Amino acid sequence: MEGKILDLDKLVPEKRIIRLAGKEIDVSKIPSRVTLEIAQKADVLKSGSEESFPLLLELVVQICKPSQPDINADWLVDNTSLDQLIALIEFVLEPLKERAAKNKKNEVSPGQ
């Protein structure tokens with residue numbers, strides 16, 4: 001009798017690469033730790049408070065690190081214009097936003 005096997009290695013996300021300052025940064029896989037931290041700190045991130053941008057930048061760095069371990073927040077800030085940095089953040093977080101929107105769409109509100 002064969003058992004069930006869940007092969008998570010087959011769940012390969014779409015390739016997502018950022019080219020910046022001579023580096024190719026693979027942001028295809030967002031570590032679960034980062035996703036959980038974003039969920040835990042959602043209120044701070046949405047608040048627009050003084051601490052929200054450094055926190056967001058640090059989370060983006062954590063997503064970039066697996067493919068480019070030498071990248072840190074200072075490197076990102078030093079190697080981007082403000083428009084590039086905003087575009088980079090939006091690109092990195094796009095899969096999370098898409099998933100959140102999909103989950104919200106699939107929610108059934110009371111009374112429906």
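The largest nonpolar core comprises 23 residues, of which Ile25, Leu76 and Val92 touch the most other members. Such a core is a set of buried Ala, Val, Leu, Ile, Met, Phe, Trp, Tyr and Cys residues joined through side-chain atoms within 4.5 Å, where buried denotes under 20% relative accessible area, exposed over 50% and partly exposed in between (1.4 Å probe, protein chains only). Two or more residues are given to this core by each of β1 (17–20), α1 (32–40), α3 (52–64), α4 (73–78) and α5 (82–106); α3 gives the most, with seven residues. The model is predicted: local features need pLDDT of at least 70, side-chain atom pairs count only at pLDDT 80 or more, and totals for chains, interfaces and linings use all residues. Residues are numbered from 1 along each chain as its sequence is written, and side-chain values use heavy atoms, with hydrogens and water left out.

From first to last C-alpha, α5 reaches 35 Å, close to the 36 Å expected (1.5 Å times one less than the number of residues). A kink of about 50 degrees lies at Glu94, shortly before Pro95; the bend is the angle between axes fitted to the seven residues ending there and the seven starting there.

Leu85, Leu88, Ile89, Val92 and Leu93 of α5 are buried, and their cover includes β1, α1, α3 and α4. Beyond neighbours within four places in sequence, Val92 is in contact (heavy atoms within 4.5 Å) with Arg16, Ile18, Val27, Ile30, Val60 and Ile63.

Key: Helix = DSSP H or I, 4+ residues; strand = E, 2+ residues; numbered from the N terminus.
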